[in-house]
Amino acid sequence: MHEVGVMIEVVKTVEKFAKQNSITKIETVVLQIGEISSMVPRYIKACYPMASEGTILENTKLEIEVLPCNAICKECNKVFNLLENNHKCPKCGNDDFDILSGREFNIKEIVAC
């Protein structure tokens, strides 16, 4: 479960940001995770309490936004959700595409009290 190591790094990053900006209390951390990211949102949520224990983030809320996996068809340039359309363009049926989004893993927001 590589999510544990990733969450420990997220906590370190947020702590560093808080220190640099003289933030002493954080209410919420918001992450963005793409639909086809190697991170599993439910595992991220499960790891968060352990990763944040004993830090400024202990007892803070973690919110996760799942970003859609969008692709663009190389044949007709239609932008579509890759997973909802079974890896085929809904306009022309082509299965040759470029992925535009869905692999992200970002710290979107840090809400201070």
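Asparagine 86 lies in the loop between strand 4 (79–81) and strand 5 (97–101). Helices (H or I, at least four residues) and strands (E, at least two) are DSSP runs, numbered from the N terminus. Asparagine 86 has a positive phi of about 50 degrees, although it is not a glycine. Its relative accessible area is 62%, so asparagine 86 is exposed. Here buried means under 20% relative accessible area, exposed means over 50%, and partly exposed lies in between (1.4 Å probe, protein chains only).

The model is predicted: local features need pLDDT of at least 70, side-chain atom pairs count only at pLDDT 80 or more, and totals for chains, interfaces and linings use all residues. Residues are numbered from 1 along each chain as its sequence is written, and side-chain values use heavy atoms, with hydrogens and water left out.

Serine 22 also has a positive phi, of about 55 degrees, and is not a glycine. This serine sits in the loop between helix 1 and strand 1. Serine 22 is exposed, because its relative accessibility is 66%. Isoleucine 23 is found in that loop too, between helix 1 and strand 1 (26–34). Beyond residues up to four places away in sequence, isoleucine 23 touches Phe17, Ala18, Ile56 and Ala112. Contact means heavy atoms within 4.5 Å. Proline 90 is 67 residues from isoleucine 23 in sequence, and their C-alpha atoms are 47 Å apart.

Two strands pair if DSSP finds at least two bridges between them. Strands of a sheet pair through backbone hydrogen bonds, either parallel or antiparallel. Strand 1 and strand 6 pair in the antiparallel sense, over 7 bridges. Leucine 31 stands opposite isoleucine 107 in strand 6.

The largest has 17 residues, of which Met7, Val29, Leu31, Ile44, Tyr48, Leu57 and Leu62 touch the most other members. Helix 1, strand 1, helix 2 and strand 2 each supply at least two residues of this core. Helix 1 gives the largest share, 5 residues. Apart from this core lies another, of 6 residues, among them Cys69, Ala71, Cys73 and Cys89.Cysteine 73 is buried, because its relative accessible area is 1%. Its sulfur is 3.5 Å from the closest cysteine sulfur, in cysteine 92, which is too far for a bond. A disulfide is a pair of cysteine sulfur atoms within 2.5 Å, and the count comes to 0 disulfides.

Histidine 2 lies in the segment before helix 1 (3–20). Histidine 2 is partly exposed, at 44% relative accessible area.

Conventions. Core = buried A, V, L, I, M, F, W, Y, C linked by side-chain atoms within 4.5 Å.
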